[in-house]
Amino acid sequence: MAMESRIKPEPLETAGKGISVYSDMQIGFLCTTPFHYYLFDPVKKLLSNSNYVLVESNPRQYRSAREFFRDRHVLDAVENPQVIKDFDVLVCPFLMPLVYKENQEKIFVRMVYGLSKATWNYGWWNMLFDEFLVYGSYDAKILSFYGPTVKIGNPKFDDWFNGNVEPYPVEPNKKTILYLPTYDDLSTLSWVLPVLSKMAENFNVILKTHHGTNASELKKVFSRVEILGGDVDILPLLASADVVVSDYSGAIFDAILAEKPLVLADIPGAETFPSTTPSSLEHVVRNYALHTSDQALLRDYIVQALEEDPYLEKRQEVAQEWFAVRDGTSGQRAAQAIVNAQKDQREEKRFVQKALLTSTEFNKDLYKKKAERFLGKYFSWL
């Protein structure tokens, strides 16, 4: 079922940068966390007839997101589920089962937000989307199995490539270490943060937590580290960073796109964890970065990378396959692709979609969402 997109964005030489794309269709950008605002904003601001729509992932994240979006003109589908009915196109970072089940007739566009966690990122639920906006050749090759793909690069970095990012304020006479961990079983917070806390005597150390992590408790224990939550824009932090430390987070590839020195913290046996595979890029990238599971060696590698990262040029080479566009026009390309998106009416795909909707697996996920609201649990399937 692999296929190239039938949707070809207008050549940008004639479209120009920063020009709004007009559409008769109503376009909704579905968000569950502030992270999705930074994902969508470079695209949404170029589109007429578009709105942010807040959807619940779990109670804690919903409360946080509602506060973040308070002054950003969001429509709250939790308070009023009917607001989604007014849209023709729904742009999502991943499948939201309840929304899909109740709005199957609409056009669903998935805008990719990362390159890690292959078992999740490229899972069966992608079959329910009509169009994919991808970073480059790597994810296009995989997701083209499910439907048409358009290579747009990473719109979040448009301001970066256009020179419009102001660095985050740090103490100027110290070098800056930026730690970007993931969460759940692949997170290295428990052993990396103590190392970085000690290094904070001589370096600026900033931790930007994953949007699924509660940062408030960490602040009580590691007071020497500047700890920021998932509602903070990553670009100013990258602009100030002299080295990035991560583990298995999709933020690895943000650091690579920003061409920053990189050190990765390992978890022995992580390639066997259920949310990943040995061939997933968060493991493959370790062939192009300093990495260790040893605390003492981690400190040494960070100091080494601050002087010279031996893998920087190799990462720049492999990144050409991962990011097709690096010229500040990704948002414009995405906006044009969304305007041109069409419902995927292929009979074989509709057959599979119908089968998925009635499957035990799909309804189990729907049940999780309902149980989540009732029990207040923070399920990790998202």
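Me: How many bridges join strand 8 to strand 11?
Reply: First, this is a predicted model: local features need pLDDT of at least 70, side-chain atom pairs count only at pLDDT 80 or more, and totals for chains, interfaces and linings use all residues. Residues are numbered from 1 along each chain as its sequence is written, and side-chain values use heavy atoms, leaving out hydrogens and water. Strands here are DSSP runs of E, at least two residues, and helices are runs of H or I, at least four, numbered from the N terminus. Strand 8 (residues 176–180) and strand 11 (residues 243–246) run parallel, and the bridges joining them number four.

Me: Which residue stands opposite Leu178?
Reply: Look in strand 11. The residue facing Leu178 is Val244.

Me: Is Thr182 buried or exposed?
Reply: Thr182 lies in the loop between strand 8 and helix 8 (189–199). Buried means under 20% relative accessible area, exposed over 50%, partly exposed in between (1.4 Å probe, protein chains only). Thr182 has 2%, so the word is buried.

Me: How far apart in space are Thr182 and Lys208?
Reply: In sequence they are 26 residues apart. C-alpha to C-alpha, Thr182 and Lys208 are separated by 9.8 Å.

Terms used. Two strands pair if DSSP finds at least two bridges between them.
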